[in-house]
Amino acid sequence: MTDVMKRNVYEGIEKEKILAELIKIFGKPNVTEKAHNLIPYSYDMTESDPKMPDFVVLPEKVEEIVQLVKFSNQYKIPIVPYVSGNNVGGLTIPEQGGIICDMGKRMKKIIKIHDSMMYALLEPGVTFGYFKKYLDDHHPGLKYGMLMAPPYASVVANAILSGLSTLSTAHGSMADFINGLEIVLYNGEVVRTGSCFLSKEFKEDNWFVRYPIPDLTGLFIGWQGMTGIVTKAAVQLWPKKKYNTALLAIAYTGENCAAVIREFGRSECCEEVSCITSELAKMGFGIQHPTKYEKEPDYAIMISVSGNTMELLKAKVNYLKQVLEEIKEKAEDKRILLADFDTFVNVLGKEFGMYYNLPNVLTPLYEWDGLTWVGSYTNPDNLGPLMDKCYALYGKYDLAPIIYAKSMKSSHYAIFRPIIRYHKGTELEKVKKLQHEFLEIMLEYDCVPYKTPLWMTEIIRKRCDPNWLKLLERIKDVMDPNNIFNPGRWGL
Amino acid sequence: MTNPENTQRNIFEHIQKEKILEELIDIFGKPHVSDKPHDLYPYSYDATESEGYMPDFVVLPEIVEEIVRLVKFCNEYKIPIVPYVSGNNVGGLTIPQQGGIICDMGKRMKKIIKIHDSMMYALLEPGVTWGQLKKYLDENHPNLKYGYTYAPPYASVLANGLLSGMSNLSTSYGCMADWVNGLEVILNTGDIVRTGSCFLSKEYKDDNWFVRYPIPDLTSLFMCWQGMTGIVTKAAVLLWPKKKYNTALVALVYGGNECADLVKEIGRTECCEDVSAMNTEIIKMTFGIINPPKYDKEPDYGVVLSLSANTMELLNAKVAYVKQTFEKINEKSDKVMKLTNFEPFANLLGEKFSIYYDLPTAITPMMEFSGVTWVGCYGSTDSTGALFNKFSKISQERNQELLIFMKSMKYSHYCSFMAILRYKKHKEVEKIKKLQEEFLNIMLDNDCIPYKMPSWMTKIVKERCDPNWVKLLQRVKQTMDPNVIFNPGKWGFY
């Protein structure tokens, strides 16, 4: 939906020479320019327009990426970092062609789990599923936040894009979990940021904190790969508690649902407080095209609580019950229910447990070939009206309302995310229109969209602080003067 | 330790002094500009070992537009600007190493612009102090709190956030840099830029400063940069829900390793807001012993734990788990530790002891002499025991009093560690400098990251760290401040 200037990748060098150089760097089995290999990298499930890359390379070592970047910088060839392709918003679609640098296949090492400093040093290809299993098997006292995404999604990509997890209600967005990064800069220099900067040579045991030095880590967070290629990241782990329980609250209005999310988050007793619409909940027990009947509740809110003693766990749950009573007292509609999650699973079937046992593919979401969403960070106070307005829009477009919301960082803010599954062939234009309407409402409420596709950044650019854009451009220019890193993002 | 590269700058190279004065008076008004030595002198030094330098002017801005004009003017004539708030900082961070203009925002930019109750943030001008914020919250927003420090109530909240200081909530919520939602900054060009979620409006508003991400993180360009990339004129910082019930415990500990272990494990329970240790000498100072001796068989360290909850049931459960954890550590150790409630302790030792709990506060005996300085760092919870022991040994050998402070940060993902030295500036500064350098090298050998680093320290760090990190630092500095007008001299930039 956005015009991105076309670039002739072969302006400075012939295609054959590029191929020869890539083969020299990565070895023949790890380079391709064949259309059938390139197509999977040209699109995602969202409304973003597909674009073909010219090459795909599968690096194994940082040194290979250094050579790639130096070469690409010399000939001004775009490089798009890629891991699992599970992302949305067209973030890894090569807007100007060039080379896909797929780190998901051979850069999958868990380099270090530091038990006492509680961090993991990871390569970009480490997935949530692999990571969870590895921790469970080798470091049962530690855990990482998981997410409603397939187990094959990348931990590092989620963090540098400031995604969310099952620990975000307690500890914030995944960008807050980052201790440090290793990055290949446009000139081929490998730089380490955060506390690991304090050694001339790379070591694996000094990645414990991001500050208190000048914060160069931020140059690569939320930047969608536009400032360098991140090749390692250290992320925080958390002590796993002995006792865990989950509750489920049922609410009939957007306002009540918002109140539960906000107040439960603010209680600082929950690891997670997140909500889904009834339609999505129903999909959880196998109804692929759920209808909602009158008098059925609109929202299900999942709450997870943990403690190192039963006493602590019980005291937390008791306090939550007290908070719920306070919400009810103030609410117009008194119908808010709270029960053990297990009870629901027993009634509704085992499949419903997938909302709790993450990471997981919520299979009904992947029912058709199209899946997209407008995700945002928002004021928890605005969740009520946002839910009501977006809920109504789904009706207008005759689509099942799938809304996801979450309390973040003890309800300092919240996630609000209307999701659309659709048939790409027949419904694309309709979905694009709906997305625009969602975005318009969300921007009115000061929501800050995340993992923004191009059409969205174009709208944001027109509405935001113009000096912020100037500074963005200034930094992009110094970090990537030849605009080789994921060109086109944010209109740069 | 004075930086030999500290080439002096002739700030009157491009414009005469009289013309600068004229321009400053035009911008700020006569009562808010001075070039008189008796006004300038207090800005030329701090309590630490950092060498003094005189500024040429001091200005007292009231509104952002004045600073915009100042920056444009200074950028044109390459005149240094050093941002300043309360002067309470250490490490010579606001000492004007190349002269120029002190931009003192502590006198007239003191507005608490907004407390956002539901999004729990405070939007502040640089001059807002800890004391002011605490009083304001207690009176107007009794359900919210901010973290406070072992610093005088007149210290700046915003400066502490930008420099990644710590507070009595850092054990749970991390360093103060983690609390910054967004900034308003004046760039070298005079552009005013807003970072964080507040970027999403063409005009400034006070109700959209709720989160730093998920957009490209431009806030980072000003975090821990010691004022080298722009002048921060507003910051939004996180507030936290105040709990109904509070309590505190004190542990008495023998041995550095034992103390470090205790701080780490108790922090990791996720039950305490604050877990801070200090050596017995500091504790004694509190009840008025100016030069406290330590006797054999006295415990070496005191650890203060503070806990809170919204119900008594939850508070009791937390206390019980902390005690259980404490007992486990005690069992493993061959040195007996004691854990007791804070209140009886305070009753026994005198009311003054409660300053460890009732912050912000100045521990007055620390300021007893003309000099006080420290080497502070973020470090591994594993290496802190070694630091305790090595530092104690060295100070005993040198017959130098040593005050040690340690805190679990972000549930013991790391800790902060601080060796504090009080001294007589005229007689002891050389001795103190040597000792500090020795301490620094031990910290660096243990992978600790020094914070609020004075210039002599950044010089050593730059020699030991990733050279590509230094190159990137330079590149960003060059882009953000090509004429090196913002606090020149820091991190070796002139």
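This note reviews a predicted model with chains A and B, point by point.

1. Basis of the model. Residue numbers start from 1 along each chain as its sequence is written, while chains are lettered from A and ligands numbered from 1 in the order of writing. Because the model is predicted, local features need pLDDT of at least 70 and side-chain atom pairs count only at pLDDT 80 or more, whereas totals for chains, interfaces and linings use all residues.

2. Confidence. The predictor assigns the complex an ipTM of 0.96 and a pTM of 0.96. For chain B, the mean pLDDT (the predictor's confidence in each residue, from 0 to 100) is 92, and 98% of the residues reach 70 or more.

3. Overall form of chain B. Chain B contains 14 helices and 19 strands; these are DSSP runs numbered from the N terminus, with helices being H or I of at least four residues and strands E of at least two. Along the principal axes, the C-alpha atoms of chain B fill a box of roughly 70 × 55 × 45 Å. The radius of gyration of chain B is 23 Å, which agrees with the value near 23 Å for a compact globule of 494 residues. That radius is taken over C-alpha atoms, and the globule rule is 2.2 Å times the number of residues to the power 0.38.

4. Burial and contact range. Of the 494 residues in chain B, 55% are buried. A residue is buried if 20 or more other C-beta atoms lie within 10 Å of its own, exposed if 12 or fewer, and partly exposed in between, with C-beta atoms placed from the backbone. Among the contacts in chain B with a separation of 6 or more, 72% join residues 24 or more positions apart; two residues are in contact if their C-beta atoms, placed from the backbone, lie within 7 Å.

5. Nonpolar core. The largest nonpolar core comprises 311 residues, and I301(A) and V303(B) have the most contacts inside it. Such a core is a set of buried Ala, Val, Leu, Ile, Met, Phe, Trp, Tyr and Cys residues joined through C-beta atoms within 7 Å. With neighbours within four places in sequence left aside, the contacts of I301(A) include L248(A), A249(A), A251(A), C257(A) and V260(A). I261(A), V273(A) and C275(A) are also in contact with I301(A).

6. Interface between the chains. The contact takes 65 residues from chain B and 67 residues from chain A. On the side of chain B that touches chain A, β9 (192–195), α9 (312–332) and α14 (467–480) each supply at least two residues. The largest share of that side, 8 residues, comes from α14(B). By class, the side of chain B that touches chain A has 35 nonpolar, 15 polar and 15 charged residues. Here Ala, Val, Leu, Ile, Met, Phe, Trp, Tyr, Cys and Pro count as nonpolar, Asp, Glu, Lys and Arg as charged, and the others, Gly among them, as polar.

7. Domains of chain B. Chain B is assigned domain 1 (1–108 + 454–494), domain 2 (112–241) and domain 3 (245–450), with bounds from an automatic or database domain assignment. The C-alpha centres of domain 2 and domain 3 of chain B are 27 Å apart. Their contact takes 18 residues from domain 2 of chain B and 17 residues from domain 3 of chain B. On the domain 2 side, α4 (130–140) and α6 (170–173) of chain B each supply at least two residues. That side divides into 10 nonpolar, 7 polar and 1 charged residues.

8. Domains of chain A. The assignment for chain A gives domain 1 (15–103 + 480–491), domain 2 (110–239) and domain 3 (243–449). The C-alpha centres of domain 1 and domain 3 of chain A are separated by 36 Å. In their contact, 4 residues of domain 1 of chain A meet 9 residues of domain 3 of chain A. The domain 1 side has 2 nonpolar, 1 polar and 1 charged residues.

9. Backbone geometry to inspect. Most residues other than glycine have a negative phi, and most peptide bonds are trans. The bond joining Y211(A) and P212(A) is cis, with omega about 5°, and P212(A) lies in the loop between β9 (190–194) and β10 (229–236) of chain A. In chain B, the peptide bond from Y213(B) to P214(B) is cis, with omega near 5°; P214(B) is in the loop between β9 and β10 (231–238) of chain B.

10. Positive phi values. S162(A), a residue other than glycine, has a positive phi near 60° and sits in the loop between α5 (155–160) and α6 (168–171) of chain A. S162(A) counts as buried because 24 C-beta neighbours lie inside 10 Å. N399(B), also not a glycine, has a positive phi of about 55°, in the loop between α11 (384–397) and β17 (403–409) of chain B. With 6 C-beta neighbours inside 10 Å, N399(B) counts as exposed.
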